[in-house]
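Visitor: I would like to learn how to read the features of a two-chain model. Could you take me through them in turn?

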Amino acid sequence: MDEESAVSGSRAEGSPVRPRQRSVRNDKAMDGQVIAHGARPADVRFRVMADSAPVLIWMSDMNKLRTYCNQRWLDFTGRTLEQEQGNGWAEGVHPEDRERCQALYAAAFDARQEFSMDYRLRRHDGEYRWIQDNGVPLFDLDNVFTGYIGSCVDITERKRAEADLREREIFFRTLTTLAPSMIWTAAPDGTITYANDQWFAYFGITPEENALGWPELVLHPDDQERSMVAWTHALQTGEDYEIEVRNRRYDGEYRWFLTRATALRDDEGRISAWFGVTIDIHERSQLERDVAERASVLEAVFAAAPGHISIFDESGKLARLNPAAQRVAGPEREQASMETVGQTFHLRTVEGAPFPPDELPVARALRGEIVQGVEMILRDAEQCDQYILTSSAPFYDLTGQLRGAVALAHDVTALREAERESAKWAAQLDATIDAFTDGLFIYDSAGQLTRMNDAARTILALDAAPDYYSLTPEERTARLQVRDATDQPLAPEEWGLGGLAQGERLAVPVELRITALDGCAKDLAITGGPVRNPQGVMTGAVALLRDVTDRRRLERAAMEHASQLQATFNALAEPMCVFDADGRILRQNMAELLLFGFATSLATIEERAVRIELRDVEGHRLPMERLPARKVLAGATLVGIDAVEVVARGADGHDRRFSVGGAPIRDDAGQIIGGVTVYRDVTERRSLERQVTEQVERLQTIFETIADAIFLFDAQGQIVDANPAGRRQLPNDIADFNARLQQERNVSYVLRDAHGAPMDPADWPVTRLLRGETLTGEAIVDMVAVLPDGRERWLSVSGAPIRDQVGQIIGAVGMTRDITERRRLEQQTRWQASLLERAHDAIFMWELDGPIAYWNLGAELLYGYSRDEAVGQISHQLLQTKRPVSPTAFKEALERDGEWIGEIGHTTRDGRRLVVESRHQLLTESDGRHYVLETCRDITERLELERELRRSRDELEQRVRERTRALATANRTLRRLSQRILDVQESERRRIARELHDEIGQALIGVKMMFETASTENGSRRATTAGGGQVSTSVREAIDEALLRVRELSLDLRPAMLDNLGLLPTLLWRFERFTQQTGIRVEFHHTGLDQRFSPEIETGAYRIVQEALTNAARHASVDVVTVQMMATAETLTIYIIDQGAGFDADEALAAGVSTGLSGMYERAGLLEGTLTVTSAPGEGTTIEVLLPLAPAMEIENVRDSAREATRDGRGEAVRDTARDSVQDQTDQGHVR
Amino acid sequence: MITILLADDHPIVRQGVRGLLESEPEFEIVGEADDGRTALQLAETLKPDLAILDLMLPDLNGLEVTRRILHASPHTRVAILSMYADEPHVLEALRAGAIAYILKGTSTETLLFAVRETLAGRRYLSPPLSDRAIEAYLLQAGEASRAMDRYDLLTAREREVLELLARGASYAEIAERLIISPRTAETHRTNLMRKLDLKTPADITLYAIQRGLITPD
């Protein structure tokens, strides 16, 4: 490059002849140097060489002064050697470089060192050129320093190239750093060699990561393959690479990028590198989409708009028409411009004048104006004129340059035509309104009067009062003095016109009277109705006023006449109807209106007949020709027997019976012009007649069917008639009987009074009746009649005399009722009552929750209160009743079972406390009231005795028990014995229970069955034998009683269910029974009990619980006892807990007062278990029992053997059971 | 003809019932048994319309025979003839599948009526038994009986001691607190541990926490 520059530098001289000239000068120069240095042959050679050298060469002496410049230098600078010699050369050096050069030169010179320096040297043409000057010190053969020699090369081009390169490098770096895009370069093989900062920043990766494999990090997985294929293709072919891919931004978002790369080639056309740019086009593509979308929407609007849309360009030429506009324009007119559009489309103003082109909306829009709603006329493709409403607006490009205008036009022809039509109608309406003779007022929807015609002015006489319109509405109203037809002033709300404002139609004219403004009274008939638009919305109202003043005056006169007639007509009491010859009803009087309740709504007599349901007396509807009114019109006069009897329905909905009279009305010529009918109401008369008939029939029926005997007597006391019941008591031949009666009355026919004394015939009922007595109520006679066969019958006789119209007695009615049976029952009841009375037991009855109603002799004797003292008292207060159960439980039991039996405490009048065995029975009287019949027997003494017995027995037993316990502790053998005793006791109880139950019970049943079967077979025969039935009944009852006892006894000894069903059901049953018997609730909690245990455990547990409950009932005075039981594999635990009185357990045991307690201890002990009693007075009692359970296998075995024992036990000998059964019964006993 | 099996270990009863039923033309006694197993075998082979069973038969009781007959011969209707007039027996019989529960000693007409009711598939219970009584019994028994909670076994004092023990109190502290002797406190502890089936002092605390008597802090 240096050489090149030098060459070019020489070439710059541009002349081929130069070398020769140069050589000449070289010669001269050489001469000069020789002079300067003292010529030497070597120097000459050198100078020749130097002058021919392509470089600038200089020499200097040891004094730093230039001695020589070669021809080329001189040519370069354009100066002479003389000018250059010495320090003259420095004049050509650029002033900025000069000092530096000289300093460098001097420094190197002094040090005798080679140097090289760049500086600018002025060329002959004045241009400074960069020179690289290399100087070397020069020594002669003797190695004596002789000066410097230097050669210079023009390096301007090189310098410039270097500067360019540097500049370009900086530019590139700056560019790539500043550019918003990512720029990169790659080696020919595709390896990325450079990427700018944006690349790393944008993709959020480090250069190291990038080098390792940016595509995986950056490229969207779906785009990687595509990108790779394209890139490989570009690398292979050298074609430009361009691809749009998604790259992952630093924040993880994939965005669309455009990557372009171009190959850089060297001179041989080989690819030296790839230069690439990657741009984020995400937003741009988004924007493009938006723009496209918006454009398509606009396009759609353009296409679909119903109005005409035309687009003009800025020159005013029509650019586009939408389809609607195209239709109007027609194909050949689409080429219009703004100037021609007016003519082409015949655009005219609405007045018809040609539209001034400059004023066209589109023309104005092209001047930048926005024009709206200009109406004009257009002639369309079919040569029809259209009214169009046009608007126009200019549009601009992005730079704000006006690019054209859009014009919109709507066809408003139809609208304009409708308006014209409407105007025409309005004109016609105006004319009509003014021509109206009725006054017309038109109101708007707000109720404001908008119009009034001439007739209205006349009616109101507005001309007479010019000031009328200056008045307020209220004053106007007042001026008119609106009244009703009777001249009563009306407030506006009473006018009856209010509905008009609500859109109602005044179909019936409202009649008002006003005083017109000229002072004349006027009668007005006002009609009107709402005005609605086609949508049905009310837009106002119209009122029509008709002046009816004259007509009213005439009407009033006619009315007066008519009302006089009407008054007469109405005054008639009978319904009257007047009709014309066609049967049209003319008038009806008040009576008819009241009766049938209708008037003007019916026009003809036929309609009236239908309405009142006119029927004949049989209830058949009358044919039209047989209507009374029709008969009248046919000429008949319905009077007297000709009157027609009919049935009709009155306004009250009741059928009434009428006798209809009537007559035709004839004119002067005798022609029938109408008729009158009169209805006479005969309902009451007819119904009275009917009632009499019915009553007679009813009486006859009673007479025939009544069970009591009824006899009719004549005045002589002879029977003239009798009802069937009566006849049964009489011989067939009444006459004969009468005769006998007559005869026997004299010989005292056998009648006795209630006391059994013979009756005097004068007191006989019939005699008394015929004397005029009435035998009813208190006067009814009870007597005894002795029948011919000797039987006596009790008769109850009532009756009354029969009188004629003047009160003369003409006979009598007598009625006898056979009350023999009733008397017998009464007597029996009385007898029974006396039995009750005489009963030894105290029997008394009291109303539930009420006083004593009955108190027998027994009660008097027992309690010392007399009947009078006791009746009316509350029994439990009087007797201070103490029951073993709470009043609630008592009442519940009574209501549930109907009776309650128990031992209760009573206190006598003298304060003695009694214990009575009492039976309460709940009786319900026919009046629904509940009574309690209480039967009490004094058992005080018996109880004393029992207590005494029990005490001695308890003592005895206690002693035995103590003894047993002592023995048990001393000797386990004895204990086993005790176990055996208990076992035996249980098995004996079980055996006896079963024996009773199975053997005796079943035997009894068998007997009973056989007995029953036998008595049924022989039934009829046996029953007839005297007393046979009674015997069989009492035998049956005896068996039943025995059965019951057997069952109870068996159950009490040992409930069979304990063996049959197990512990749990038996306990549940026991608890229920316990609660029933004592009223104490048992709260039972258990777990693991739903299984069978060994018979010993079941028996032991049951007996212990039973005993504990008994104790609780006896001592604790509690309402509830808690029993808790739980069974595990090893143990059955039982707790019996009460919160009652408690006791000192040790003391009780020691004192031996409780046999139950020790019994429980014993049972628990025998089962190898323990029993703990925790109790203290006032703190309740807890009994805890722990019974060890045998392993399951053994239980099975034990149970089986136990069952067998049970089964086979019947045959075993019974030993030593007496004590046990006594024990057991007493255990049960005190609970009962 | 309605076929009837009769099982009762009392010949006299069998004789009576047979006599009664045979007086009615539509009934035929097809088998008689005096123990449960024989009755079951007969029922399995004869498949009678009606089985009249004593409640307590030797070998196999009437309840079990009822269950097995109904299994072997579903169409057979079972009437229990029994001496027992108590609700638990009736209840068990009905549970076993019997339709009628007839008390021995019922009059012959009633027995015939009961047999006809049974054949018609209608429940019959001899007076004074009734569905109402059975229900009342069930209700009462159910009310009285509920699952057992050992905590209910504790006395009020034992509950106090339990809580104090669970909180880690010593006998002396408990005694002072409840104004009892330490010896009594110890007795209470022994008792309550036995009632609650607890073995160690830690069990006491654990139990008290589980019952929510104390809250662990």
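Guide: What follows is a walk from the interface to a single residue and then to one whole chain. This is a predicted model, in which local features need pLDDT of at least 70 and side-chain atom pairs count only at pLDDT 80 or more, while totals for chains, interfaces and linings use all residues. Residues are numbered from 1 along each chain as its sequence is written, chains are lettered from A and ligands numbered from 1 in the order in which they are written, and side-chain values use heavy atoms, with hydrogens and water left out.

Visitor: How many residues of chain A and chain B are in contact, and what area is buried between them?

Guide: Contact means heavy atoms within 4.5 Å, and here 44 residues of chain A are in contact with 43 residues of chain B. Buried area is the accessible area (1.4 Å probe) that two parts lose on being put together, summed over both; between chain A and chain B this comes to about 3700 Å², with carbon and sulfur atoms giving 60%.

Visitor: Which side chains meet in a salt bridge between the chains?

Guide: A salt bridge is a side-chain nitrogen of Lys or Arg within 4 Å of a carboxyl oxygen of Asp or Glu. The count between chain A and chain B is one, and the partners are A:Glu1184 and B:Arg194, at 2.2 Å from N to O.

Visitor: Which helix of chain A gives the most to the side that touches chain B?

Guide: Helices (H or I, at least four residues) and strands (E, at least two) are DSSP runs, numbered from the N terminus. Helix 33 of chain A gives the most to that side, with 15 residues.

Visitor: Is B:Lys195 buried or exposed?

Guide: Buried means under 20% relative accessible area, exposed over 50%, and partly exposed in between (1.4 Å probe, protein chains only). B:Lys195 counts as buried because its relative accessibility is 6%. B:Lys195 lies in helix 9 of chain B, residues 182-196, and, leaving aside residues up to four places away in sequence, B:Lys195 touches residues of both chains, among them A:Met1126, A:Tyr1135, A:Glu1184 and B:Glu158.

Visitor: What does chain B contain in secondary structure, and what share of its residues is buried?

Guide: Chain B has 10 helices and seven strands, and buried residues make up 51% of its 217 residues. Among contacts in chain B between residues at least 6 apart in sequence, 61% join residues at least 24 apart.
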